[in-house]
Amino acid sequence: MAGYIAKRFMMMVVTILVIATLTFVLMNAIPGSPFNEDRGTSEAVQANMNAHFGLDQPLYVQYGMYLKSIATFDFGPSIKNPNQTVNDLLGRGFPISAELGIITILLALISGVVLGVLAALRHNGVIDYLAMTLAVLGISIPNFVLATLVIQQFAVNWGVLPAATWSSPAHMVLPVIALATGPMAIIARLTRSSMLEVLTQDYIKMARAKGLTPFKIVVKHALKNAMLPVVTILGTLVAGILTGTFVIEKIFAIPGMGKYFVDSINDRDYPVIMGTTVFYSSILVIMLFLVDVAYTLLDPRIKLVKKGGE
């Protein structure tokens, strides 16, 4: 296990380095600069600002400074707000984005698993058809479209929930619903199909023959094995949720990292763009690593072996 963790750690470092390099290349491939003339700045001011932020240096020097900022986790000042550093923005916005993401992940996972199990236990019944209809709708409707629909219905037409900001539990309901519906639908469909397969296994038939209650059969024996495919895609779903918060935060005016990231793209704020990209990429890579470890712990059939079959 120690060797596997070390190998995965090196792969994480390489992955983050590749993402950081691609981000740097793409940012510098865009013509112009954050201080070009169409933003109302003179050539002298542009030159001074480029020198201040090191944008007048050769690309290899800028790249070296960029890698140093990643290694020291100090992404420097924001171009749009020089009195604030990227770390300040991350410290202010990420806790809100993380709260939104964690609540969404928990809601999607719990509701998706429950819905999938009920559909499997009532296969070809009313509950099964209703659950799968909801799942198809959840997968088909993009979260930004669903966000608009729930705002229109619950905030504008009925007036029962607030449509913006993040200051109370009531403000969390609509953005969490908009963000969690898609992942919940995917988990529900996957759980249903996996449960249907597990429930036909011989050990489940043996458990029934022993007289175990349906609750023990489902929770103690079937659900653990049925969750393996869900765990497999959990890392990808978490990545989709965390990146999806950017759009949802902008729609619901949530003061998380989504607001800063979208604004930084519009303003060509290179330090914020690159710092946020590297920060979120690191989180996602770590999440995928944790999912891999969890999968090996859940499934005893998976063994970590050396080359040569040792």
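This is a predicted model: local features need pLDDT of at least 70, side-chain atom pairs count only at pLDDT 80 or more; totals for chains, interfaces and linings use all residues.
On the α9 side the contact is made by Lys224, Asn225 and Ala226, which meet Leu228, Pro229 and Val230 of α10. By class, the residues of this contact comprise four nonpolar, one polar and one charged.

The structure holds one cavity of 30 Å³ or more, and the volume of the largest cavity is about 40 Å³. Its lining consists of Ile105, Ala108, Leu109, Pro183, Ile187, Leu234, Leu237, Val238 and Ile241. Three elements, α4 (86-121), α7 (169-198) and α10, each give two or more residues to this lining. The largest share, four residues, comes from α10. The lining of the largest cavity is made up of nine nonpolar residues, with no polar and no charged ones.

An open site was also identified. The largest pocket has a volume of about 450 Å³. It is lined by 20 residues, of which Phe53, Met65, Tyr66, Phe75 and Pro271 are the closest to its centre. The elements that contribute two or more residues to the lining of this pocket are α1 (2-29), α3 (59-72) and α12 (270-298). Twelve residues of the pocket lining are nonpolar, seven are polar and one is charged.

The model was further considered against the sequence annotation. An unreviewed UniProt entry lists residues 100-121, 133-152, 172-191, 226-248 and 278-298 under "transmembrane region". Of these annotated spans, residues 100-121 are 100% helix and 0% strand in the model, with the end C-alpha atoms 32 Å apart. For residues 133-152, the chain is 90% helix and 0% strand, and a distance of 22 Å separates the end C-alpha atoms.

Note on methods:
Residues are numbered from 1 along each chain as its sequence is written. Side-chain values use heavy atoms; hydrogens and water are left out. On a 1 Å grid over the protein atoms alone, a cavity is a set of points where a 1.4 Å probe fits but cannot get out, and a pocket is an open set with protein on both sides within 12 Å along at least five of seven lines; lining residues have an atom within 4 Å of a point. Grid points are joined across faces, edges and corners, and a volume is the space filled by probe spheres set on the points. Ala, Val, Leu, Ile, Met, Phe, Trp, Tyr, Cys and Pro count as nonpolar, Asp, Glu, Lys and Arg as charged, and the others, Gly among them, as polar. UniProt positions are given in the numbering used here, feature names are shortened, and annotations may be inferred rather than shown by experiment. Contact means heavy atoms within 4.5 Å.
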